[in-house]
Amino acid sequence: MSKRKKIEVEKEYKKPMIKRRKPNRSIAGDVLLYIFLIIMAYIMAFPIIFAVSNALKPLDELFRFPPRIFAQHPTMDNFSDLFITMGKSWVSFSRYLFNTVFITFVGTAGHLIIASMASFVLAKYEFPGGKGFFKLATTALMFTGWATQIPNYLILNWLGWIDTYWAIIIPAFAAPIGLFLMKQFMEGLPTSLIEAAKIDGASEWRVFSNIVMPNVKPAWMTLIIFSVQRLWNDRAATYIYSEEKKTLVYALNQIGLGGIARTGQQAAVLVVVMIVPIIIFVFSESQILETMASSGLKD
Amino acid sequence: MKEFFSKYITLRKHNMQVAWKKAKRSKNCYLFLLPFAVLFAMFYIFPVVASIYFSFTYYNILEAPRFLGFTNYINLILQDDVFLIGLKNTLLIAIVTGPLGYIMSFLFAWLINELPRMVRSVAVIIFYAPSIAGTCYTIFSIFFRGDAYGYVNAFLQNIGVIDTPILWLINPQYMLPICMVVILWMSLGTGFLSFVAGLQGIDGSQYEAGYMDGIKNRWQELWYITLPNMKPMLLFGAVMTITQSFGVCDVTMALCGYPSTDYAARTIVTHLFDYGYSRFEMGYACAIATILFLMMILCNKAIQSLLRRVGT
């Protein structure tokens with residue numbers, strides 16, 4: 001008797017098969033929302049889809065009138081043409097590639113290490129000047145590189161770094177956005193972790209490299225993405241003028257400017273330039289979002 | 001008065017001593033901070049100071065700077081018509097694309113917040129992609145090409161709205177609106193990501209408590225629960241948006257040319273390029289940069305104090 005009753009009670013509290021809808025949500029509203037989002041997503045994605053399909057069109061289709069959005073006979077001709085043109089350029093393709101990879105890699109690695117070191121002490125210790133410095137870095141978020149470009153040029157000129165890789169790499173080390181995101185993320189790290197390591201006799205540097213850094217991997221990814229995006233797209237045209245030190249994106253854009261005869265290659269250039277940051281983002285989206293969750297600007 | 005002053009000084013001295021002792025104890029902290037601090041000061045703080053200094057001089061890199069006083073600023077405002085066009089364009093673009101882009105970022109982040117996980121991450125990629133797509137915005141110059149082969153012209157001619165092609169990117173009348181459309185297309189950037197992540201982080205139990213307390217519809221939910229929780233992200237997003245919308249130059253240069261017809265698409269930053277890198281009048285360029293800097297900082301401060309009141 002008592003057993004049966006118990007089962008009945010349990011049944012009553014069993015979860016229903018279909019999840020109960022949240023209050024304030026209607027099915028009609030959801031459908032409308034989906035329709036709206038699909039339309040907006042199409043509008044946002046259209047130029048990119050168009051750029052990609054343009055790159056796959058053979059020449060006769062590129063100039064077809066009236067134009068079609070999707071390629072009828074997709075080919076990779078434009079890309080192979082592009083690589084042939086690159087191969088014939090005065091400075092070899094591999095050199096441009098090396099420049100970009102070198103600048104991106106060294107700039108990102110340095111930025112990651114230096115910014116993490118600074119944000120570690122800013123987030124986890126209190127010392128005179130720390131808060132003030134962070135406030136200053138946040139203020140630096142408020143003006144773009146454009147406002148400081150001219151004096152930057154003068155400083156690099158005094159240092160004799162104009163027309164070297166360092167003109168791009170060293171300023172990228174100190175990008176304030178990296179410090180900001182890293183510091184905010186590190187604040188979420190439990191202080192007890194650091195104290196425990198200290199009691200075990202670890203030095204400051206060991207705490208940083210063995211305890212803190214492995215625990216903030218999502219923030220690494222975010223810093224890397226932002227830095228790679230910035231450096232990959234850097235045309236480096238103002239600070240570097242020797243052709244053999246220019247970046248891949250610069251060379252590609254230069255081909256793109258080649259006029260009507262290069263329409264096909266131009267389309268291919270757009271795709272090659274944009275595909276790298278997008279692919280990196282696709283693979284690291286969840287980690288970036290995890291970092292951005294702590295990106296708020298508190299007073 | 002004197003007594004007050006001496007008290008103040010002793011207090012100051014005492015505070016300084018305490019700070020100095022603390023600083024001595026945290027030597028390691030400074031060591032960690034040092035590399036970043038040095039580079040940051042060199043490439044972000046010092047340039048601002050240098051820019052303000054050079055803005056009062058005539059400087060062309062080759063000769064030593066010659067002090068001029070306020071001449072550069074007076075010339076900028078009273079004599080340089082092109083600068084005023086640039087200022088007007090920058091402000092117009094900032095006023096239209098800044099708030100709209102900001103609202104769009106939040107709106108989309110909010111709308112996709114309750115989608116299933118997979119759908120949401122695809123949506124984030126689609127909406128975020130334009131802002132990281134490198135030079136993809138130049139594709140708009142194909143859409144808006146001035147002859148009958150331009151897609152927009154062809155479309156409008158086919159449906160009979162116009163009978164002669166419009167020179168979209170050469171006619172000053174259409175340049176700015178087109179640039180604004182393109183900038184809006186690219187405006188879902190870092191702030192958008194911050195909003196998406198922030199919305200995900202809001203504690204669900206707050207909403208349940210809200211239903212108990214009689215929240216009737218989604219707008220009340222948004223205003224009383226979501227927005228107050230999102231305040232830090234809203235501030236961060238505002239900083240990113242303002243900085244971006246005052247620094248417009250890539251899009252206008254790529255679409256309308258540099259220089260553009262009648263300087264109709266000139267912005268402050270392209271004016272800066274013109275004087276800095278084409279004419280090497282660094283002093284004058286620094287005056288432009290200083291004005292841009294002041295505009296950005298003041299606008300940021302104003303918007304931040306406004307946003308602090310959200311949801312209260």
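Select domain 1 of chain A first: six of its residues are in contact with six residues of domain 2 of chain A, contact being counted when C-beta atoms, placed from the backbone, lie within 7 Å. On the domain 1 side, the elements that give two or more residues are α2 and α3 (59-62) of chain A. Helices here are DSSP runs of H or I with at least four residues, strands are runs of E with at least two, and both are numbered from the N terminus. α2(A) gives the most to that side, with four residues. By type, the domain 1 side has five nonpolar residues, one polar and no charged. Ala, Val, Leu, Ile, Met, Phe, Trp, Tyr, Cys and Pro count as nonpolar, Asp, Glu, Lys and Arg as charged, and the others, Gly among them, as polar.

A word on what you have loaded: this is a predicted model, in which local features need pLDDT of at least 70 and side-chain atom pairs count only at pLDDT 80 or more, while totals for chains, interfaces and linings use all residues. Residues are numbered from 1 along each chain as its sequence is written, and chains are lettered from A and ligands numbered from 1 in the order in which they are written.

**Zoom out to chain A.** Colour 18-75 as domain 1 and 85-292 as domain 2; these bounds come from an automatic or database domain assignment. Their C-alpha centres lie 32 Å apart. The chain has 14 helices and zero strands. Its radius of gyration is 27 Å, well over the 19 Å that the globule rule gives for 299 residues, so chain A is more spread out than a compact globule. That radius is taken over C-alpha atoms, and the rule is 2.2 Å times the number of residues to the power 0.38. Along the principal axes, the C-alpha trace of chain A spans about 90 × 60 × 30 Å.

**Bring in chain B.** This chain has 15 helices and two strands, and its C-alpha atoms fill a box of roughly 85 × 70 × 40 Å along the principal axes. Now show the contact between the chains, which takes 65 residues from chain A and 77 residues from chain B. Which helix gives the most to the chain A side? Select α14(A), which gives 11 residues. The chain A side divides into 52 nonpolar, 10 polar and three charged residues.

**Look into the core.** Next, pick A:Ala118, A:Leu270, B:Phe36, B:Cys179, B:Val182, B:Ile288 and B:Leu292, which touch the most other members of the largest nonpolar core, a set of 155 residues. Such a core joins buried Ala, Val, Leu, Ile, Met, Phe, Trp, Tyr and Cys residues through C-beta atoms within 7 Å. Buried means that 20 or more other C-beta atoms lie within 10 Å of the residue's own, with C-beta atoms placed from the backbone. Helix α15 (282-307) of chain B gives the most to this core, with 11 residues. Both domains of chain A give residues to the core, so it lies between them.

**Finish at α2 of chain B.** Centre on A:Ala118; beyond its neighbours within four places in sequence, A:Ala118 is in contact with A:Leu179, B:Phe32, B:Leu33, B:Phe36 and B:Ala37. Among the buried residues of α2(B) are B:Phe32, B:Leu33 and B:Phe36. Where does α2(B) (27-54) kink? Go to B:Leu34, shortly before the proline B:Pro35, where the kink is about 45 degrees, the bend being the angle between axes fitted to the seven residues ending there and the seven starting there.

Notes: Two residues are in contact if their C-beta atoms, placed from the backbone, lie within 7 Å. A residue is buried if 20 or more other C-beta atoms lie within 10 Å of its own, exposed if 12 or fewer, and partly exposed in between; C-beta atoms are placed from the backbone.
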